Amino acid sequence: MICCILLLTNTISAQSYRDDWTSRLSFVIDYGLSFPTIKGGNSFTISSFPSHPQDQIVFSERQSSRQDLSNLGYYGLELTYALQPKISLGLVMQRRNSYAYNSSMQFSQEKEVISNNLLLSATGVFMQNTKISSTSLSLLAAFKLFKIDIDRATVISFETGIGIGLSFIKLDSQISNVLLTMHLKNDTTSQDNTFGPGLIAPEITRTTPFTWQLSTGFQFQFENFPNMSIGFKLVDIGHFIIMERPENMRDLFLLTSATTNAEDQNLALSTTNQKRHLVTKDIYIKFHF
């Protein structure tokens, strides 16, 4: 009889511990709208060289570029554990698929090659398209700063969080259109070449930079319904390089005109190997289960 009582007591204690432990766990579904920005220099450039040797005079040079980046919805999953009523730790996964990043550039230059008495006119245009997909895994610390009791069934808490982890970024890039032209006046040499899709196959690059995020918002706790949160997030997705090349292979397209008794004139579309920095501002809604 005593053994049965002890066994029953241990079973009840173990069940109570398990219930208390599981009550601290929370599964969260995260939906949101992302407003991204890309920081850093251009991924590609058009240049004419030699540009300023002693036997050349540059009359004019103009270079203008444009960059577009689409907004995007995202989703995420979180598993959190409440250390205290106001502090919790969690593991967060977020998926963003995929940002459409497009850039273009127009280039023009007129110069005189004094040694040949030649006038050179060069123009260039390109369009570049990259799809940026990201899956991130982060550790999250969340804090409830204060709460307001609306009634017995509803509580509103102001919460903030900070997370750090890794982003698994996929870049699907291509040069969709290139036009390079070079005209040497006072000479029979003239080149006008158009490069289009297919000359460089689309490139897929994967990289794994660090990521971090800051969030702030309100959590609504209901007695008979799943809890819900709404708020804002600042997410640093990470750094990456589009179509990176070794220093001696950065010219993707090169147009060369041979001139008599002078250096060859070149017009090139080249990668810059500049790091791009992707940062987003998110509006989110979360459902806690």
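**Salt bridges and contacts in a predicted model**

Visitor: Glu-78 and Lys-286: buried or exposed?
Guide: The test is relative accessible area: under 20% is buried, over 50% exposed, and partly exposed lies in between (1.4 Å probe, protein chains only). By that test, Glu-78 and Lys-286 are both buried.

Visitor: What kind of model is this?
Guide: Residues are numbered from 1 along each chain as its sequence is written, and side-chain values use heavy atoms, leaving out hydrogens and water. Local features need pLDDT of at least 70, side-chain atom pairs count only at pLDDT 80 or more, and totals for chains, interfaces and linings use all residues, since the model is predicted.

Visitor: How many residues apart in sequence are the parts that Glu-78 and Lys-286 tie together?
Guide: Glu-78 and Lys-286 form a salt bridge, with the closest N and O atoms 2.9 Å apart. Glu-78 is in strand 4 (residues 72–84) and Lys-286 in strand 14 (residues 276–288), so the parts they tie together are separated in sequence by 208 residues.

Visitor: How many salt bridges does the structure hold?
Guide: The criterion is a side-chain nitrogen of Lys or Arg within 4 Å of a carboxyl oxygen of Asp or Glu. On that basis, the salt bridges in the structure number six.

Visitor: Which strand holds Lys-233, the partner of Asp-30?
Guide: Asp-30 and Lys-233 make a salt bridge, 2.9 Å between the closest N and O atoms. Asp-30 lies in strand 1 (residues 25–39), so the pair links parts 203 residues apart in sequence, with Lys-233 in strand 11 (residues 227–240).

Visitor: Which residue pairs with Arg-66, and what is its relative accessible area?
Guide: Arg-66 counts as exposed, at 55% relative accessibility. A salt bridge of 3.4 Å, N to O, joins its side chain to that of Asp-68.

Visitor: How far apart in space are Asp-172 and Pro-202?
Guide: Asp-172 is in strand 7 (residues 154–185). Leaving aside neighbours within four places in sequence, Asp-172 has contacts (heavy atoms within 4.5 Å) that include Asn-129, Lys-131 and Pro-202. Asp-172 and Pro-202 are 30 residues apart in sequence, and their C-alpha to C-alpha distance is 6.8 Å.

Key
Helices (H or I, at least four residues) and strands (E, at least two) are DSSP runs, numbered from the N terminus.
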